[in-house]
Amino acid sequence: MRITCVGGGPAGLYFALLAKQRDPRREVVVVERSRPDDTFGFGVVFSDATLDGLEGADRPSYDAIRSSLAHWNELHAHIGGRVLVSTGHGFSGLSRRRLLAILQDRARELGVVLRFEEEVTDAAEALAGSDLVVAADGVNSRIRERFADRFGPRIDVRPNRFVWLGTTFPFDAFTFYFEENRHGLFRVHAYRYEPDRSTFIVECREETFRRAGLDRASEDETIAYFEELFEDKLRGHRLLKNRSVWRSFPTVHNERWSAGNVVLLGDAAHTAHFSIGSGTKLALEDAIALAESLGRSPGVPEALAAYEAERKPKVLAFQRAAQVSLLWFENTERYMALDPVEFMFSLLTRSLRVTHEGLKARDPAFVREVDAHVASKAEAQSGARIAAGDGGPPPPMFTPFRLRSLVLENRVVVAPMCQYSADDGRIDDWHLVHLGSRALGGAGLVITEMTDVSAEGRITPGCAGLYRPDHAEGWRRVVDFVHARSRARIGVQLAHAGRKGATKRMWEGMDEPLERGGWPLLSASAIPYLPESQVPKAMDRGDMDQVISDFVQAARRADEAGFDLLELHCAHGYLLASFISPLTNRRDDAYGGPIENRMRYPLEVFDAVRAAWPADKPMSVRISATDWAPGGLTTDDLLALATMLREHGADILHVSAGQTDPSGKPEYGRLFQTPLSELVRLSAKVPTIAVGNIQSYADVNSIIAAGRADLCALARAHLYDPYWTRHAAAEQGFDLEWPPQYRSVDRYTLRMR
């Protein structure tokens, strides 16, 4: 077999030596345009876990790499005159030039042919006579470009600017500087890779870059600027250049990683922002996976398919985490107002991969400081005294939170979950048991399913309502049980389905229109949800007044039933959401156009409900922070609507996303909506409830401690385990008192096997 690797960086070299090591009969050639010792940048970073993976792949190259590493355990962040320290972070730095030399030497030793200063200008040349062509030619891959119609590349060039510098300062920890001057905020990512050399990456926003005149600066002028700015940090040491030009980071995705016998490797296939780790790490792991697939498969096509099937999901998960980390650094200005301890915790958990529990295992002293900080803030905010136990302050999720006169004893919320089990809006024993059991389960707040303000406002015939006098009686029974038998508080979510109404129950056909017994629909504009859906009527003034009256009447019945909190549903494409999104609001009157107009009717409803709802009871509003679709809600729209709701008296925003229009393409994943909650909370200065694939108590603790939300709502976790909060308390050694009927559980150990 003849293998040609185009690109002599770490990806191409490592795959080449692994391919030759596994089968010496293979003819393996590496073609590289640069000289052997040419390299961009300074150092690369490896986690301890990455190094463990290299050990099993090729021991000689691993030993050579290991002997050349600069290792550290601490991470330092310099902010506001303070140095925050966290330990237990096992990482190592290595000179990129040294890494290339190690891989080149090992490749030659195994018999790989290395051809330097040779340009592959025509992909056909590389393909000729090769059984496999490995495109390891970097971010600007010519091979990928040649077959772009088959690979389907998508490159997202990010707005921040960065420059890769070096320094003679020997950092003894992975170090972040957050330094402001008259031009703006500069972020520095720095780490040592040799005894007397360190990488020094400077990053800033585009406007800061231009205000500082760095758009016109030479390499030497760039160095002079930062040597002056960081003079006290560098302590007489110099900054170094190596083709150190300012760049914008490109996030590379490809729909497919192979085309015929050509396969993408490393940066040609994908990139991940330097703030989460090294692209070199991903490249070496790619090389291992491709070499192993080649050895296991009967032929090249099968090997490339197996490589992509195994590797792509892992890379996509890593890229999702890198994207969140990238956004943190793009928007660091947003976090500068945080207390330094909260800032440090936010920094450490920015990718959402590192959790409160994970950090606790690495650095328990710092996490105790974080927990004490959260508890102190919660005590001041809620007015409730927090007693520290023998193990110190409580986990963040078990701190209280106040909304007007309502004090929740913890931060866990049972999210609204439609049950489709009512009869003409009337709930029954199913709802009593469903909601009552979750209140007994220990959550601080339980929110009812979407409860409709009129029969015409239902999604399905089985939806709950508060549009008849007897509906309040049914809800009163549930509320009384929650108040009498648990420490939870209970809220009601009021809504009107709008154009998404008159459909079958979820298990009969999600979003499918009723075949019989439907009712007329209303929306901001006469646009059906699906092509086969009923066309709604675009609301006129009379319709608007009637719906406002329905909401007010439902709010009064909710108070009569004894609910502690009222949530107005302005998300997921239902009636009020249809006014907010430009995808569903095509009106040319005072209720259409810019966000201020599109919010006019939802605010009319909010104001009327707020006036009818007792002043001492809080109101929440559920919003879709993005439509996940082109032409939908913008970030500016989101912050404007959040600010308007806050100014009108909303106490907390329940930040969800999507479901506005079927064309939306959500970016699902663990905690996928949490960054939206953080954006709203920090930028619009309003408390938030985070929701969306929050999976564990570690997630809840992390979200609260980092200031990404004030409360965390979990849905399916509570369907699976009504006592989720109590079990989370037990796992953490926190004493959450059981009802007297269940106290024997204190002496019980669950065994499932």
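Contact here means heavy atoms within 4.5 Å of each other. On that criterion, and leaving aside neighbours within four places in sequence, Arg600 is in contact with Ala590 and Tyr591. Arg600 sits in helix α22 (residues 600-612), where helices (H or I, at least four residues) and strands (E, at least two) are DSSP runs, numbered from the N terminus. At 35% relative accessibility, Arg600 counts as partly exposed; buried is under 20% relative accessible area, exposed is over 50%, and partly exposed is in between (1.4 Å probe, protein chains only).

A word on the ground rules. The model is predicted, so local features need pLDDT of at least 70 and side-chain atom pairs count only at pLDDT 80 or more, while totals for chains, interfaces and linings use all residues. Residues are numbered from 1 along each chain as its sequence is written, and side-chain values use heavy atoms, with hydrogens and water left out.

On to the nonpolar interior. In soluble globular proteins, nonpolar side chains tend to be buried together. A nonpolar core is taken as a set of buried Ala, Val, Leu, Ile, Met, Phe, Trp, Tyr and Cys residues joined through side-chain atoms within 4.5 Å. The largest one has 130 residues, and Tyr601 and Leu653 touch the most other members. Helix α19 (residues 541-561) supplies the largest share of this core, nine residues. A second, separate core holds 62 residues, among them Ala11, Ala16, Val120 and Leu284. Back at Leu653, and not counting residues up to four places away in sequence, the residues touched are Val621, Ile623, Ala642, Leu645, Val680, Val686, Pro687, Thr688 and Ile689.

Aromatic rings come next. A pair of aromatic rings is described by the distance of the centres and the angle of the planes. Rings of Phe, Tyr and Trp (its six-membered ring) pair if their centres lie within 6.5 Å; planes under 30 degrees apart count as stacked, over 60 as edge-to-face and the rest as tilted. The structure holds 41 such pairs. One of them joins Phe162 and Phe249, a tilted pair at 6.5 Å centre to centre with 50° between the planes. This pair links distant parts of the chain, with Phe162 in strand β10 (residues 153-167) and Phe249 in strand β15 (residues 247-254), 87 residues apart. Phe162 counts as buried at 6% relative accessibility, and Phe249 counts as buried at 11%.

The pair of Tyr723 and Trp738 is stacked, because the ring centres are 5.8 Å apart and the planes lie at 25°. Tyr723 is in the loop between α26 (716-720) and α27 and Trp738 in the segment after α27, so the pair ties together parts that are 15 residues apart in sequence. Tyr723 is buried, with a relative accessible area of 17%, and Trp738 counts as buried at 13%. Elsewhere, Phe169, Phe171, Tyr177, Phe186, Phe200, Phe209, Tyr225, Phe226, Phe230 and Trp246 form one aromatic cluster.

As for charges, a salt bridge is a side-chain nitrogen of Lys or Arg within 4 Å of a carboxyl oxygen of Asp or Glu. The structure holds 56 of these. Arg708 and Glu678 form one through their side chains, at 3.2 Å, N to O. Arg708 lies in the loop between α25 (697-705) and β29 (711-714) and Glu678 in helix α24 (residues 674-683), so this bridge ties together parts that are 30 residues apart in sequence. Both Arg708 and Glu678 are buried. In a separate group, salt bridges that share partners join Arg161, Glu206, Arg210, Asp215 and Arg216 into one network. Within it, the side chains of Arg210 and Glu206 meet at 2.5 Å, N to O. Arg210 and Glu206 are separated by about one helical turn, because they are four residues apart in helix α8 (residues 206-211). Arg210 is partly exposed at 42% relative accessibility, as is Glu206 at 24%.

Asp540 and Lys537 also meet in a salt bridge, at 3.3 Å, N to O. Asp540 is partly exposed, with a relative accessible area of 35%, and Lys537 counts as partly exposed at 40%.
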